[in-house]
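Here is a short briefing on one protein model. Read it with the sequence and the 3D view side by side.

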Amino acid sequence: MSLSGLDDTGKAQPPPALFPAPESDTPTSGRRRSGAPQNGPSQSGSAQHGSAPAQGDDAGRQLVFFGADAAEPTVADLAGLLAGPAEVVRMGGTARLSVQVDAAWRVHVLVAELASRGLAASWEPIEGERHGVRTSYTRVLKPLAAAWLHGTTKRPPAAFHLTGRRLRLWLAAAGTPEPPDCFLLRLGADDGQECWESIGGALAAAGLAGTLLGAADGGPAYRITSRRRLARLAELVGEPPRAAPPAAWPTRQ
């Protein structure tokens, strides 16, 4: 199936089914943009698919105004996806962002989040019950690509920091709970140690200092431990999207 949502016969295909179907978390205007639900996924169980319109823990505790509900969505928030496993590529004066996710609910959340920022998005199933989500090539993403790419290598810019909205996108794409008191934020497997360490510094500055896990330990990922840090994470990312399973999102305790 192509990323336009059409199969080989040219018939439109819906995104992965969810049970129950989520409502829209990020309502947009009446215009429809590619790949984004106009008024949220339908109640039949699958979404419509087509066109649709600071430093250390102490400093982190002072950043409540950086929570996900503190500002309007912007394209700059997509730096949170790049902190995780997302990739960005350039073509001429445009760029495209893509990410692979491991669950259908993540597809619904990310497509809606991208639509709320005016970005056309599409998806496709890939091996291992995974899904690929990506934007169209657009000039809007060129500054993000310029900030993060050194040649073809992804690396956070010097001033990179994590806000609630950036963390929310990272969590939606690649956050995994480890009961009872841990949460994994997965990284890009090909990004390299220098990239991972810079991102770890941004986590620490937000009050979320974590342990970097290598591939042998189930990574690459940062493990956030303790109820205090998980409560901090929940405070920053806000309420769970309606599509997310209850256990998949951190909660204030």
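Two strands count as paired if DSSP finds at least two bridges between them. By that rule β3 and strand β4 (residues 130–135) pair: 6 bridges join them, and they run antiparallel. Keep in mind that this is a predicted model.

**Sheet**
- The strands β1-β2-β4-β3, in that order, form an open sheet of 4 strands with antiparallel pairing.
- β1 (87–91) and β3 (121–126) are the edge strands, and each pairs on one side only.
- From one strand to the next, the twist averages 20°.
- E124 has G132 in β4 as its bridge partner.

**Helix on the sheet**
- Helix α3 (residues 104–116) lies across β2 (94–101), β3 and β4.
- α3 runs at about 5° to β4.

**Helix pair**
- Helix α5 (residues 164–174) and helix α7 (residues 227–237) have axes that come within 8 Å and cross at roughly 105°.
- Angles of 65 to 115 degrees count as roughly perpendicular, so α5 and α7 are roughly perpendicular to each other.
- α5 contributes G164, L167, R168 and L171 to the contact, and α7 contributes L233, L236 and V237.
- The contact residues divide into 5 nonpolar, 1 polar and 1 charged.

**Aromatic pair**
- How many aromatic pairs does the structure hold? It holds 1.
- The ring centres of W148 and F160 are 5.2 Å apart and the planes are at 80°, so the pair is edge-to-face.
- W148 sits in helix α4 (residues 142–148), and F160 in the loop between β6 (153–154) and α5.
- The two residues are 12 residues apart, and the pair links distant parts of the chain.
- Both W148 and F160 are buried.

How values were computed. Residues numbered from 1 in each chain as written. Predicted model: local features only at pLDDT ≥ 70, side-chain atom pairs only at ≥ 80, totals over all residues. Heavy atoms only, no water. Axes fitted to C-alpha atoms, helices over the stretch in contact; angles between N-to-C directions. Parallel < 35°, antiparallel > 145°, perpendicular 65-115°, else oblique. Contact = heavy atoms within 4.5 Å. Nonpolar A, V, L, I, M, F, W, Y, C, P; charged D, E, K, R; others polar. Phe/Tyr/Trp six-rings, centres within 6.5 Å; stacked < 30°, edge-to-face > 60°. Buried < 20%, exposed > 50% of the residue type's maximum accessible area, 1.4 Å probe, protein only.
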